[in-house]
Each structure stands twice: as structure tokens, then as C-alpha cells.
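Please read them with the coordinates open beside you.

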Amino acid sequence: MGTATANKFQPFLDSAVGKVTIKNLAADMDAALANAKRLQNTSAAKGGSSSAVTAWKKDCTLLKQLRLDLGKELKLIQNGKAESLKTLDEIVADSAETLDWVEQRNHAYQMLHNAQLDVKMAAMLPVLGLVSSHGSQAILLQRKLAQLTKDLKAAEKATTSKTAKAALTAVMVAGTMLLPPLGLAGTMFALAASLVAADIGGRAIDYAVGEAPSPPDKLKAVYTVADSSIGAAGQVSKAAEALGKKSAALGVAWDAGDAGYALYKKKNIEKRIAALIKEAKAASKGLEKQGKLIKKLQKDAVSALNTARSNASSFASSKAARDKVRKDFKEFNDLN
């Protein structure tokens, strides 16, 4: 481009093909940039891979510059200052390719937003936190049960009553049956905590937009934690109920002046057993409730992920149609 020349390219811009293609390209660029700005402020975009969003923003910056270049070049052509369509041809080619990338990202993150993937992933986190809390409570109950068993053994050793010895032994056996489910519930503490810290939502978003080859494995682990929590809760409740029944016999098992009974009273064993049973049942109830809720939330999240991934990958590129614009430019330029 240099000095003013006769505006021999205006006929192309005035033609039906010229008007539609140039007008549509500019409109598509404007719409894509506006959509990208809106979507980049959503939690879906903010929760995914920073590198993916950075690349998206970089393409938007390039597209914005190309949109400015397109306007400037069209003005030069309209003022008769363009020597050929070469520069416009190059701008259109670059715009078509960049616009395709931006629209593809816009589409993917729009599908994430529509499916509320980030919202449904985030909904699991506080519930997993509660499971972790119940798990830590189970660990404390294990410690209490261990100390209680130690005191029961001391009372059993001190007593001379065969009835008391049998009752104490039965209680200790029942307490032993409570240990495995409490241990299982306790493992939920570490597992649930690790899942909360694993950024499952971010990894799921990366998969949905094509930045990761597969969905996050730990999303499956969420369901496993939920299922195990429900199972552990049922076992804890059942074992706590059995412990309560066995401990009821301790109230009538002692002889007058029994040394074992004196130790039993001194260590406040009766109230400690009752308190432990109450805490175990409460933890069991909470663990079961949260486990069932996590199962539902996990299924909702998986459904949203599959929907987002499927819809995001269904993007229909307009690049082929835009490439025809470049071909039209070339043919017109060759004729002139």
C-alpha cells in the first residue's frame, strides 16, 4: 500500500459476496470477543487449567488486533489507497483461523457453564469435609475405646465374681467388634481430606474442554468414599447397639465389696461406655447421611461432566466457510 490509487477494489466490497463475507466476518469477530469476555469471568473458566485460559486470552488479544487491522484495511480500500487485496487476504486468513480457536473455546466453556459443572463439583467439597470430620471423630472414639478396654481388663482382673468376669469379658468382646468399623470410618478422614485438596473440579473442567485425556480418577474415588462411609456407618451403629446390650448386664453382676466393682466405679466405666455408645451412634448417623448425599452429588457431577464434555466436543467449526472468503479474494485479485 502506498499513494492513493483508483478504487478498483470497491466493486468487490459492494458485491453480494463482498458485503456478506466481510460483514459477517467482522460481526463474528465482535461477537466472539464479547462472548469470551463474558465467559472468562465465570467460575467455570476460573476453575480450570490456567494454561488453557491463558492461551484462550492470548487468542482473544490476537483476534482483537486482527479486528482493528481489518477495519483499517477496509478503510484504506474504501479510500482508494490499497494497491491490492493481498493485505486484506492475509488478515482474513489469520482472522478465520484465530476466530475458530476463540469460538471453539467459547463454545467449550459455554457448555461447562450450561451444565453447571463447576457448581456441581464444588458442591461435593463441604460434604467431603463433613465426612472427614466424622472420620476424625471415629479415630478419637477408637482411642477412647482402647482406654476403656484397658480399664475393663483391670476390673475383670480385680473382681472375684464369676458373673462379673463373664459380663466384663462380654463387654470387651463387644467393644472389639466396634474397632474395625471405627477403623474404616477413620480412614475416611484422610481419604476425604485428600479429595478436598485434590482440585477434582479443576481437573474435571480440563477434561471437559479437552485439556486432559481422561476424567479425574479421584472423581471415582469420591463415590468409593461415599459407599465406604455408608458401609462403615451401618457397622458402627450395629456394633454400638450390641455393646449397649452387653454393658447392661454389668449393673447386676457385682458382689458386695467387690474390688473389681470399686475399680469399675472409680474409673466411671458405666458412664464412659454410655457416652461412647452415644457418640458412636451420632457419628454413624452423620456419616451415613453425608455418605448418601455425596453419592447423589457425585452422580450429578459425573452427569454434568459427561454432558459438558460431549457438548464441548460437538463444536462445529466455521473455518471452512471462512476459507471460502479467502478464495474469493484470491480469485478477484488474480483477475485484477
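1. Of the 336 residues of the chain, 43% count as buried, where buried means under 20% relative accessible area, exposed over 50%, and partly exposed in between, with a 1.4 Å probe and protein chains only. This is a predicted model, in which local features need pLDDT of at least 70 and side-chain atom pairs count only at pLDDT 80 or more, while totals for chains, interfaces and linings use all residues. Residues are numbered from 1 along each chain as its sequence is written, and side-chain values use heavy atoms, with hydrogens and water left out.

2. The chain has 12 helices and 0 strands, these being DSSP runs (helices H or I, at least four residues; strands E, at least two) numbered from the N terminus. The radius of gyration is 35 Å, well over the 20 Å that the globule rule gives for 336 residues, so the chain is more spread out than a compact globule; the radius is taken over C-alpha atoms, and the rule is 2.2 Å times the number of residues to the power 0.38. Along the principal axes, the C-alpha atoms fill a box of roughly 125 × 25 × 25 Å.

3. Contacts in the chain with a separation of 6 or more are accounted for, to 86%, by residues 24 or more positions apart, contact meaning heavy atoms within 4.5 Å.

4. Helix α2 (residues 16–39) and helix α4 (residues 50–78) have axes that come within 10 Å and cross at roughly 150°, which makes α2 roughly antiparallel to α4. Axes here are lines fitted to C-alpha atoms, for helices over the stretch in contact, and angles run from 0 to 180 degrees between N-to-C directions; angles under 35 degrees count as roughly parallel, over 145 as roughly antiparallel, 65 to 115 as roughly perpendicular and the rest as oblique. The crossing of α2 past α4 is left-handed, that is, the near helix is turned anticlockwise from the far one by less than a right angle, whereas clockwise would be right-handed.

5. On the α2 side of this contact are Ile22, Leu25, Ala26, Met29, Asp30, Ala32, Leu33, Ala36 and Leu39, and these meet Trp56, Cys60, Leu63, Lys64, Leu66, Arg67, Leu70 and Leu74 in α4. By class, the contact of α2 with α4 has 14 nonpolar, no polar and 3 charged residues, with Ala, Val, Leu, Ile, Met, Phe, Trp, Tyr, Cys and Pro counted as nonpolar, Asp, Glu, Lys and Arg as charged, and the others, Gly among them, as polar.

6. The axes of α6 and α10 lie 7 Å apart at an angle of about 160°, and the two helices are therefore roughly antiparallel to each other. Their crossing is right-handed. Ala154, Ala155 and Ala158 in α6 meet Ala259, Gly260 and Leu263 in α10, a contact that divides into 5 nonpolar, 1 polar and no charged residues.

7. Helix α8 (residues 200–208) packs with helix α11 (residues 269–312) at an angle of about 30°, the axes being 8 Å apart, and α8 and α11 are therefore roughly parallel to each other. From α8, Ala204, Tyr207 and Ala208 meet Leu305, Ala308, Arg309 and Ala312 in α11, giving 6 nonpolar, no polar and 1 charged residues by class.

8. Which backbone angle of glutamine 116 deserves a look, given that it is not a glycine? Glutamine 116 has a positive phi of about 55°; this residue sits in the loop between α5 (86–115) and α6 (117–158) and is partly exposed, with a relative accessible area of 42%. Asparagine 268 likewise has a positive phi of about 55° without being a glycine; its place is in the loop between α10 (259–266) and α11, and it is partly exposed at 37% relative accessible area.

9. Methionine 172, in helix α7 (residues 162–196), counts as buried at 12% relative accessibility. Not counting residues up to four places away in sequence, methionine 172 touches Thr149, Leu152, Lys153 and Glu156. The C-alpha atoms of methionine 172 and alanine 312 are 140 residues apart along the chain and separated by 59 Å.

10. Serine 284 in helix α11 is buried, with a relative accessible area of 6%, and is in contact with Ala233, Gly234, Val236 and Ser237, leaving aside its neighbours within four places in sequence. Lysine 266, which lies in helix α10, counts as exposed at 70% relative accessibility. From C-alpha to C-alpha, lysine 266 and glycine 234 are 33 Å apart in space, and they are 32 residues apart in sequence.
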